[in-house]
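Me: I have a model open and would like to learn how to read a few of its features. Please take them one at a time.

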Amino acid sequence: FFFFKQKTAYEMQRGLVGSGDVYKRQILKIYFILFVGYIILTQLNTLTRYNTKRKKCNIATWNGPNDPQILVTFEWDLTNAEIYLEKKRKETNLPLTLTHLVGFCAAKALSGQPDLNGRLSFGNYYPKETCDISFLVACENGKDLGACKIENADQKTLGEYCEELNKSSKSLRGLRDVEQKRRGFSLTLLPTFVIEVILFLAGYICCGIGIPLPMCGMKKYAFGTIIVTSVGMLGYEHVFAPIPPFTGAAVIITVGSTLKKPLVVDNEICLLYTSPSPRDLSTSRMPSSA
């Protein structure tokens with residue numbers, strides 16, 4: 001731009017008025033051609049099997065580490081928890097799982113923590129009026145993720161969790177969810193540097209300020225304060241999942257795989273179950289009061 005500006009000034013001194021406008025138009029044409037070419041090359045690249053919608057969303061979300069996160073892992077004995085779940089399965093005739101129970105307990109704990117159940121907007125912290133959590137669901141054979149939000153989660157029963165999650169997960173996996181379709185369409189067409197801007201703005205508007213954006217497939221506080229995801233079916237015992245900034249979530253809980261472990265209880269070595277199956281409950285030496 002400096003070169004063309006100097007050349008325009010030189011020709012204006014020689015009486016060639018208006019030639020600068022020609023150069024300005026030429027450089028704008030060059031810039032436009034380069035921009036269109038970059039978009040075309042980017043779209044051709046996204047057709048490869050490596051640049052999936054989820055991968056493009058990841059590229060547009062994270063750079064180098066620049067925010068603090070506290071990573072904590074807990075290992076619980078779930079013998080009595082499985083006994084409780086088995087009892088509730090018979091009462092409700094619903095396929096209740098450990099993931100449902102973890103989300104149920106997390107919501108109860110969150111309801112008593114107003115300093116955690118809130119949002120950041122315009123540099124200030126504001127408590128949320130409701131206690132909401134969400135569960136991540138794998139879609140399109142693991143190529144994408146969808147979120148099933150449970151509103152007023154601290155006031156609902158374990159059976160209501162299961163019913164809402166089953167309904168939402170079937171809609172997401174069956175590609176019948178309108179918001180998920182809109183998000184997927186945008187992620188498929190746009191390049192990552194545009195997705196980065198959209199994720200920042202949509203996340204701040206929807207999850208920070210609380211204004212829904214239907215055209216982007218984003219609801220008001222779409223992810224709640226806590227995100228729960230299960231990785232046990234992948235065979236992992238401990239997994240630390242990153243918190244996507246655009247979700248506005250404060251905590252993400254990963255439920256790992258279950259296994260048997262020996263532990264000393266009352267000076268005796270007992271075989272404990274981090275999540276026993278019903279057929280193993282009768283052989284556990286775990287005291288019922290532990």
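**Reading loops, rings and helix packing**

Reply: Start with Asn152, which counts as partly exposed because its relative accessibility is 28%. Keep in mind that this is a predicted model.

Me: Where is Asn152 placed?

Reply: Asn152 sits in the loop between β4 (144-150) and α6 (158-173).

Me: What should I look for in the backbone there?

Reply: Look at phi. Most residues other than glycine have a negative phi. Asn152 is not a glycine, yet its phi is positive, near 50°. Asn93 is another non-glycine residue with a positive phi, about 60°. Asn93 belongs to the loop between α4 (79-92) and α5 (98-111).

Me: Is Asn93 buried or exposed?

Reply: Asn93 is exposed, at a relative accessible area of 68%.

Me: Which parts of the chain does the pair of Phe122 and Tyr204 tie together?

Reply: Phe122 is in the loop between β1 (118-121) and β2 (124-127), while Tyr204 is in helix α8 (residues 192-209), so the pair links parts 82 residues apart in sequence. Phe122 is exposed at 62% relative accessibility, and Tyr204 is partly exposed at 32%.

Me: How do the rings of Phe200 and Tyr204 lie?

Reply: Their centres are 6.5 Å apart and their planes are at 20°, so Phe200 and Tyr204 are stacked. These two residues are 4 apart in helix α8, which means about one helical turn separates them. Phe200 has a relative accessible area of 58% and is exposed.

Me: Which residues form an aromatic cluster?

Reply: Phe104, Phe135 and Tyr161 form one.

Me: How do I read the packing of two helices?

Reply: Take the angle and the distance of the axes, then the residues in contact. Helix α3 (residues 53-61) packs with α8 at about 70°, and the axes are 8 Å apart. At that angle, α3 is roughly perpendicular to α8. The crossing of α3 and α8 is right-handed.

Me: Which residues of α3 and α8 meet?

Reply: From α3 come Lys56, Cys57, Ile59, Ala60 and Thr61; from α8 come Thr192, Ile195, Glu196 and Leu199. By class, this contact of α3 with α8 has 5 nonpolar, 2 polar and 2 charged residues.

Key: Residues are numbered from 1 along each chain as its sequence is written. This is a predicted model: local features need pLDDT of at least 70, side-chain atom pairs count only at pLDDT 80 or more; totals for chains, interfaces and linings use all residues. Side-chain values use heavy atoms; hydrogens and water are left out. Buried means under 20% relative accessible area, exposed over 50%, partly exposed in between (1.4 Å probe, protein chains only). Rings of Phe, Tyr and Trp (its six-membered ring) pair if their centres lie within 6.5 Å; planes under 30 degrees apart count as stacked, over 60 as edge-to-face and the rest as tilted. Axes are lines fitted to C-alpha atoms, for helices over the stretch in contact, and angles run from 0 to 180 degrees between N-to-C directions. Angles under 35 degrees count as roughly parallel, over 145 as roughly antiparallel, 65 to 115 as roughly perpendicular and the rest as oblique. A crossing is left-handed if the near helix is turned anticlockwise from the far one by less than a right angle, and right-handed if clockwise. Contact means heavy atoms within 4.5 Å. Ala, Val, Leu, Ile, Met, Phe, Trp, Tyr, Cys and Pro count as nonpolar, Asp, Glu, Lys and Arg as charged, and the others, Gly among them, as polar.
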